[in-house]
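Hi,

Here is the structure I promised to send over.

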Amino acid sequence: MPMERFLEYNPVLLALGATLFTWFVTALGAGMVFFFKSIRKKVLNSMLGFASGVMIAASFWSLLAPAIDMAEGDNIPSWVPAVVGFLSGGAFLLLVDKLLPHLHMGLPREKAEGISTSWKRSVLLVLAITLHNIPEGLAVGVAFGALANNPDPALFAGAVALAIGIGLQNFPEGAAVSIPLRREGFSRLKAFNYGQLSGVVEPIAGVLGAYLVLTIEPLLPYALSFAAGAMIFVVVEELIPESQTGNETDLSTVGAVLGFATMMLLDVALG
């Protein structure tokens with residue numbers, strides 16, 4: 001099907017389809033628990049590093065740069081929506097991080113962050129990854145929502161590249177949830193269910209993001225930058241520190257570089 005045919009579809013439906021794809025890839029990653037009971041620390045670190053690189057590259061190439069371009073010609077400087085949206089996205093994730101109960105892998109139950117709760121350890125572990133996926137789904141949704149007022153094939157290709165990039169880094173994230181849960185004593189099926197469940201929020205956030213920019217057109221540059229700020233917060237607060245634990249940190253750094261290069265290649269080649 002020619003690319004132009006896709007532009008005839010409602011952007012919200014396109015966002016839903018794209019984020020269902022990213023959720024599906026999360027489930028594929030979680031499915032690795034049926035083949036492996038444990039994962040070597042250096043492998044996990046390199047996977048998390050790769051995810052970091054993808055998110056950093058996507059934040060600029062697919063979100064911030066288009067936001068600045070879209071704001072040109074307005075009555076305010078083009079950098080204003082980018083800066084305001086970016087800082088707002090980071091502030092929002094900071095607030096969610098302080099409020100949402102969650103627990104990072106390898107930490108005892110008493111190290112849970114957010115509001116104090118009696119929720120099970122398994123729920124808190126899944127919520128930690130779910131927190132990562134909110135800005136990812138939002139980013140994909142906003143990118144497709146932008147097509148409503150600018151049905152440009154290049155813009156569509158950029159949104160597709162973003163969805164593919166997010167999907168690529170969701171695979172290791174799904175495995176990073178399910179396999180450690182299996183090591184902690186969960187059955188393979190239960191560990192898989194928790195792993196894929198962490199990606200459910202992406203279609204929800206994607207549809208919400210697309211709908212918002214569809215109904216409030218001037219919001220688009222701010223929304224793109226907001227998603228970028230939220231993603232960078234997750235990378236700096238969660239992914240990079242987790243990928244740098246242990247004695248061998250070079251692999252996680254190499255993974256981040258490869259992830260950045262992969263996302264940059266996707267965005268430039270497709271967009």
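Gly195 is buried, with a relative accessible area of 0% (buried means under 20% relative accessible area, exposed over 50% and partly exposed in between, with a 1.4 Å probe and protein chains only). Gly195 sits in helix α7; helices here are DSSP runs of H or I with at least four residues, strands are runs of E with at least two, and both are numbered from the N terminus. Leaving out residues up to four places away in sequence, Gly195 touches Thr26, Ala30, Gly174, Val177 and Ser178, where contact means heavy atoms within 4.5 Å. Gly195 and Lys41 are 154 residues apart in sequence, and their C-alpha atoms are 18 Å apart in space.

A quick word on the ground rules. This is a predicted model, where local features need pLDDT of at least 70 and side-chain atom pairs count only at pLDDT 80 or more, while totals for chains, interfaces and linings use all residues. Residues are numbered from 1 along each chain as its sequence is written, and side-chain values use heavy atoms, with hydrogens and water left out.

Now α2 and α6. Their axes come within 6 Å and cross at roughly 25 degrees (axes are lines fitted to C-alpha atoms, for helices over the stretch in contact, and angles run from 0 to 180 degrees between N-to-C directions). That makes α2 roughly parallel to α6; the cut-offs are under 35 degrees for roughly parallel, over 145 for roughly antiparallel, 65 to 115 for roughly perpendicular, and oblique for the rest. The α2 side of the contact includes Thr26 and Ala30, and the α6 side includes Gly174 and Ser178. Those four are also among the residues that Gly195 touches. By class, the contact of α2 with α6 has twelve nonpolar, seven polar and no charged residues (Ala, Val, Leu, Ile, Met, Phe, Trp, Tyr, Cys and Pro count as nonpolar, Asp, Glu, Lys and Arg as charged, and the others, Gly among them, as polar).

The other pair I looked at is α5 and α8. Their axes come within 6 Å and cross at roughly 35 degrees. Thr130 and Asn133 are among the α5 residues in this contact, with Val201 and Glu202 among those from α8. This time the residues divide into eight nonpolar, seven polar and two charged.

Two α5 residues got a closer look. Asn133, in helix α5, counts as buried at 1% relative accessibility. Beyond four places in sequence, Asn133 touches Asn170, Glu173, Ser198, Gly199, Val201 and Glu202. Thr130, also placed in α5, is buried with a relative accessible area of 14%. Apart from neighbours within four places in sequence, Thr130 is in contact with Ser198 and Val201. Thr130 and Val200 are 70 residues apart in sequence but 8.1 Å apart in space, C-alpha to C-alpha.

Finally, the core. Which residues touch the most other members of the largest nonpolar core? They are Leu63, Phe144 and Leu162, out of 67 residues (such a core is a set of buried Ala, Val, Leu, Ile, Met, Phe, Trp, Tyr and Cys residues joined through side-chain atoms within 4.5 Å). The largest share of this core, twelve residues, comes from α3. Not counting residues up to four places away in sequence, Phe144 touches Pro11, Leu14, Ala15, Ala18, Phe156, Ala159, Val160 and Ala163.

Cheers
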